Amino acid sequence: MLIPNHVAIIMDGNGRWAQKMGKPRSYGHYFGTDNVRNIAIEANRLGVKVLTLYAFSTENWKRPQEEVNYLMSLPALFIDKFLKELMEKDIRISTIGDLSTLPASTVKVLQKAIDETKDNKSMTLIFAINYGGRDDIVQAVNKVIKSGEVREISEKDINVNISTAQYPDVDFMIRTSLDYRLSNFLLWQLSYAELYFTDCYWPEFDAERFDLAIEEYGRRQRRFGGLK
Ligand code: IPE
Ligand code: IPE
Ligand code: MG
């Protein structure tokens, strides 16, 4: 099976799944968080090197405060429950997005996980938190400006200053719950990614469904603008 190096997932549909179960939205977020563990373990088992998960967008602040608060408590829940297992599987945790405006307790727990897993080598699990693709590009441009060199900006300047500079471009992007949009996820990094949309809600997107998606990736023909 052809395994993409870098998989990115828009974990969407927690709310709709909860609604389907007759439960509050937080129920969906809770089980969605458990599912992060399942998919991370499976991606690592298959040999994926980088898994980037969209956990909270720069637009998600528009949600009711109560929901935002609950979402901000999930990193702690995830890390308390699964850090040990991620260590055993040699998975490194990282983040992209602006952590400076998150609650201090959320940042603290993320930082702990980043520190503890920093030498792990098998796969990097990147949480995109308070992340926006446009913001990412703007930050990259600002870094170039701050370097003080007055000149035209090249693609390479963006590539080396974008949040995922140390990782390969995204090969495969999955969005659950059948909305056909990027919602401001990795705009720069997705330019040649293969896209995959499934009607499955995130909490029920299990390892088997992930495998089916990866199989589909293997059937895609990537041409990058060239010929076969
Ligand atoms: C994804 O599920 C989780 C986040 C955006 C944080 P949603 O909360 O967007 O669920 P739906 O799309 O309303 O079903
Ligand atoms: C995208 O989902 C963000 C995350 C999954 C974190 P949303 O549910 O926020 O996106 P829209 O509102 O459908 O575009
Ligand atoms: Mg959604």
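Where does ligand 2 sit? Select ligand 2 and you'll find that its place is the largest pocket. Here a pocket is an open set of points on a 1 Å grid over the protein atoms alone, with protein on both sides within 12 Å along at least five of seven lines, and a molecule sits in one if more than half of its atoms lie within 2 Å of its grid points.

Before you click on: this is a predicted model, in which local features need pLDDT of at least 70 and side-chain atom pairs count only at pLDDT 80 or more, while totals for chains, interfaces and linings use all residues. Residues are numbered from 1 along each chain as its sequence is written, chains are lettered from A and ligands numbered from 1 in the order in which they are written, and side-chain values use heavy atoms, with hydrogens and water left out.

**Stop 1: around ligand 2**

Select I10, M11, D12, Y54, A55, F56, N60, R63, R175, R181 and S183, the residues that surround ligand 2 (near means a heavy atom within 4 Å). By class that makes five nonpolar, two polar and four charged residues; Ala, Val, Leu, Ile, Met, Phe, Trp, Tyr, Cys and Pro count as nonpolar, Asp, Glu, Lys and Arg as charged, and the others, Gly among them, as polar. Strand β2 (residues 50-57) gives the most to this shell, with three residues; strands are DSSP runs of E, at least two residues, and helices are runs of H or I, at least four, numbered from the N terminus.

Now show the side chains and look for polar contacts (pairs of N or O atoms within 3.5 Å). An N or O atom in the N60 side chain is 2.9 Å from an oxygen atom of ligand 2. For a polar side-chain atom of D12, the distance to a ligand 2 oxygen is 3.2 Å, and for an N or O atom in the R63 side chain it is 3.2 Å. On its own ligand 2 exposes 390 Å², and the protein buries 78% of that (Shrake-Rupley method, 1.4 Å probe).

**Stop 2: over to ligand 1**

Ligand 1 also sits in the largest pocket. Which elements give two or more residues to the shell around ligand 1? Color α1 (14-20), α2 (25-46) and α3 (65-88) to see them. The biggest share comes from α1, with three residues. Of the 13 residues around ligand 1, D12, G15, R16, R25 and R63 come nearest. The shell's classes are three nonpolar, five polar and five charged.

A backbone N or O atom of R16 is 2.7 Å from a ligand 1 oxygen, one of N14 is 3.2 Å from a ligand 1 oxygen, and a polar backbone atom of G13 is 3.3 Å from one.

**Stop 3**

Go to N35 in helix α2. Buried or exposed? N35 is buried, at 3% relative accessible area (buried is under 20%, with a 1.4 Å probe and protein chains only). Its C-alpha atom is 9.9 Å from that of F78, 43 residues apart along the chain.

Next, N184, in the loop between β5 (172-175) and β6 (194-197). Most residues other than glycine have a negative phi. N184 has a positive one, near 65°, and is buried, at 16%.

Finish at F224, in the segment after α7 (207-219). F224 has a positive phi too, near 50°.

Notes
Polar contact = N/O pair within 3.5 Å; in protein donor to acceptor, adjacent residues only side chain to side chain. 1 Å grid on protein atoms, 1.4 Å probe; cavity = no way out; pocket = protein on both sides within 12 Å on 5 of 7 lines; lining within 4 Å. Buried < 20%, exposed > 50% of the residue type's maximum accessible area, 1.4 Å probe, protein only.
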